[in-house]
Amino acid sequence: MRRSVSPLRRLPLVLAVVAASAAALAPPGDAAAFLWPNVPEQIARALASGDVSERRLAATRVGELAPETAIQLIQKGMSDPDVEVRLHLAGAAVRFRMPRAGDLVIEWLGEGDARLRLAACDVIRAAPTDRSVVALGRVLGDPDPHVRLAAAAAMGAAGLPDAVSPLLGHLDDTAPEVRAEVARALGRIGDARAVVPLIGKVQDSIPEVRRATARALGELGDARAVSALILALQDASQDVRVEAVTALGRLRSDDATSAIADLVAASPGALGAFPGSRPADSGTSSNDVREAALRALGRIGSDAAVRVLLAALAKDDPAAPRSAVRDALVSAGKLPATPGAAASGGAAPQKNATVPALIAALAAAPSANTAAGAALALGELRATEGLPAVVRGMQRGVVPLRHGLRALGALGDPAALPSVLELLGDADPSVRREAIRAATALLDPARPDGRAVDPARALLVDPATPHDEKLALVQLLGRTGSPRAQGVLLPLAKARSAPLRLAVIEALGAARAAGKLGASVDAALLEALDDESADVRLRAAISLSRVAGPGSARALLQRLTVAAEQDRGALGIALSGALSRAGGPAPKDAKGARQAAVIDGRDLAQDVAAAVASAPDAARDALLEGLGRMPGQAAGAALARMAAAAPIDDRRKIAEALAGHPEAAAALRKLAGDPDPGVRANAIWSLGAVGDRDALPLLAPLLKDPDAAVAGNAAGAIGRVAARAGQPARAAAALCGALSDARPYVRANALAGLTVARARCDGAAARDLLARDPAEAVRLAAADHLGRGGADDDRRALARCAGEDRNATVASRCAHAALPPRAPPPGAEDVVVFVVPFDAGRDGPARDAPVPRAPFALVRADGLMRLGVADRRGELFERGAPPGPIRLAVPAPLVK
């Protein structure tokens, strides 16, 4: 069965239903095959048997064992006289990434059986040592080209400078596949001694060798290669041209801009051929070459490169959601500086001039396509200084209105709102719809803004307004956060149109209204909880979770404890959100009111705790979650008291809920030693949210916990605690050793924890994981980690990954990580997630309800992965998640 990993829509304080893999929720089966306790002993005895067939069979089973046991047996069996036994054990060594395994196979490099020599190269590639990599030099002359190829690949993967001289001696290997691999290896190592010899291979007779050479020269980043790469732009092979222009972009050589501009302007088939070369079969088209040229110009980012990109906008389609030209302009605009002639040893870098050039283009007399593209690029760059130019361009008729509105919405500057509102009533439906979308994007309910209320209300009550626009206007009114908008929306809460009613209920939950209006909104949403439609009840519950006042909490509590079974899910969502705003201190200017509020909060926390004892399972998790979200020490104390004698399911939820109560950290420390791994996993994750530096000695040993969810969460928690305490060295001391853990999610979270704590390990551990780790999650985490580094070796590793990783997701992450890092958005959001199984082989969900106690792996925007088991409703609550996308991955028990 295929596994589907679906993205998760983030909604603060809101239910989010996500699709997880159906396989991820099934019994582990073969993924976690059971072994009897005596099996390792049986395999060990068989490996020492005098019967070769028995040893061979045992060698095939070593991969089933725990890593610690397997590695010991591999070390003993690598000298077995039988070739088949050694080959099986070599495969197991590669699978387990056995430390220093390369030293064990050095003697194999001289064996007469080519299979052993190949296996030795594979082992050294997976676990290189200085001695074994140096020993590979003599294998570059092996009579078998497959062995030479494997040796070159292993030397390149190791990245040792000592390998450069032997590799240079084999750039003229008789086998073109070996020549290409030698070139790739030299590029990976990154030693400048390889530049001049590689320049000579740009004219090799085989396209694949020329392609590998061009890529290697780009990785080496030496300006001496510019002239040769410019010559390669005329190659007969489209693949070679793509690599050559990509390499020039990496070099950021403005000397190449003119030649690259020819690729942008040339029509398919118009480019000249490399002298004496033959066209190669390839799926790469001339349009691929053009897009690579555009990307290269975006990376160069010089004044000349930006001028070429601006000229290319004339033939670009501004209506397309994405554009290679606009993407290149955005890349150029994000560069810290343009290189000028620095790549050739001339002038120093100068200030980025992309945004001024875009603004100047709008001030001239550009074509409609150019003006629209320039405005959209300014919007994607969020260059608010371009706002006046975009508005003037729209007023002059230079910038088409719908594209200008799209740009203003992307700019995100509230100052653009008046210009957008003027077009809400435009005669052109496409302009009206774009104006509504732009106004909605420019508004934030957290900052009430009533300027859009009157024009939106006028259109909403106009019978001529199309129904789809009315729905969008309702959303717009909700985004204003204005009490006047809620006054407009309240009468529509009982609209006959089901889509309109749902939109109104959702809009009422966009912002909390004060006073009588807030009470009226609560009343309307509470009434909607009794609706016959499950969709209406769910939307009402989500809105109540966002805006319900403390006064509604008691009503929801009473209804939850007596409600019919089918209503408890919605009521629980509403109650937990309402409790998050109950029990806090009153305003400072009213001492008596403040005391009353605290007392009321204490009483409410006691009432909720009392309700837990008698509530059915369907309601208990909602009540416990509500106490976790409720401010004040009374709620935390109630949770801590219940934890002492609660059943397993309650303890799991309490451990999760205590993430909202730092004062109850002592209870979390106790739960971190619970016999149930689900309780431990939640407690450790919560300690990561509230623990101080004193929690680090408790968390570090848990990296060795036999449960992958517990150990993985410990790695993430260490990173979070160390980040808050400002102690990256302590994070490195704990997490660097976990990078060699046999469990992929432990390695991935160790990398993510290091990234969050701004810590680094000695050596090239993260680069090795990016290049060789078999797990996608680990390579993704390694890409994020290296993207924060900025060292030349890190950038080369990311560039290689972007071009070579077979996983498109990993390659894309590496490409983005290689760009200048952007500051993460501020703030945090509370997220509720329900896990619903999804079968990728079917047209829809495998079930229509969340799965209780389902294993999950939740990947946050900061790269940290939370592991564990959902509650009795199939839900998990993530407190204080960083803004950005989050997603579900395959749960830890099913990851190999």
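Which residue in β5 does Leu858 stand opposite? The third legend below gives the answer.

**Figure 1. Overview of the predicted chain.** This is a predicted model, in which local features need pLDDT of at least 70 and side-chain atom pairs count only at pLDDT 80 or more, whereas totals for chains, interfaces and linings use all residues. Residues are numbered from 1 along each chain as its sequence is written, and side-chain values use heavy atoms, with hydrogens and water left out. The chain holds 45 helices and 7 strands (DSSP runs numbered from the N terminus: H or I of at least four residues for helices, E of at least two for strands). Of its 896 residues, 54% count as buried (under 20% relative accessible area, with a 1.4 Å probe and protein chains only). Among contacts in the chain (heavy atoms within 4.5 Å) with a separation of 6 or more, 68% are between residues 24 or more positions apart.

**Figure 2. Packing of helices α1 and α2.** Two packed helices are described by the angle between their axes and the distance between the axes. Helix α1 (residues 39-47) and helix α2 (residues 52-61) pack at an angle of about 140 degrees, and their axes are 8 Å apart. Axes are lines fitted to C-alpha atoms, for helices over the stretch in contact, and angles run from 0 to 180 degrees between N-to-C directions. The two helices are therefore oblique to each other (under 35 degrees is roughly parallel, over 145 roughly antiparallel, 65 to 115 roughly perpendicular, and the rest oblique). Val39, Ile43, Ala46 and Leu47 in α1 meet Glu54, Arg55, Ala58, Ala59 and Arg61 in α2. By class, this contact has 6 nonpolar, no polar and 3 charged residues (Ala, Val, Leu, Ile, Met, Phe, Trp, Tyr, Cys and Pro are nonpolar; Asp, Glu, Lys and Arg are charged; the others, Gly among them, are polar).

**Figure 3. Strand β4 and its partner β5.** Strand β4 (residues 855-859) is mostly covered, with 4 of its 5 residues buried. Antiparallel to β4 runs strand β5 (residues 865-869), joined to β4 by 5 bridges (strands pair if DSSP finds at least two bridges between them). Leu858 stands opposite Arg866 in β5. The hairpin of β4 and β5 has 5 residues between the strands, and there Gly863 takes a positive phi near 90 degrees. Strand β5 is largely enclosed by the rest of the structure, because 4 of its 5 residues are buried.

**Figure 4. Strand β4 and its partner β7.** Strand β7 (residues 886-889) is joined to β4 by 3 bridges, and the two run antiparallel. Arg887 in β7 is the bridge partner of Val859.

Terms used
Buried < 20%, exposed > 50% of the residue type's maximum accessible area, 1.4 Å probe, protein only.
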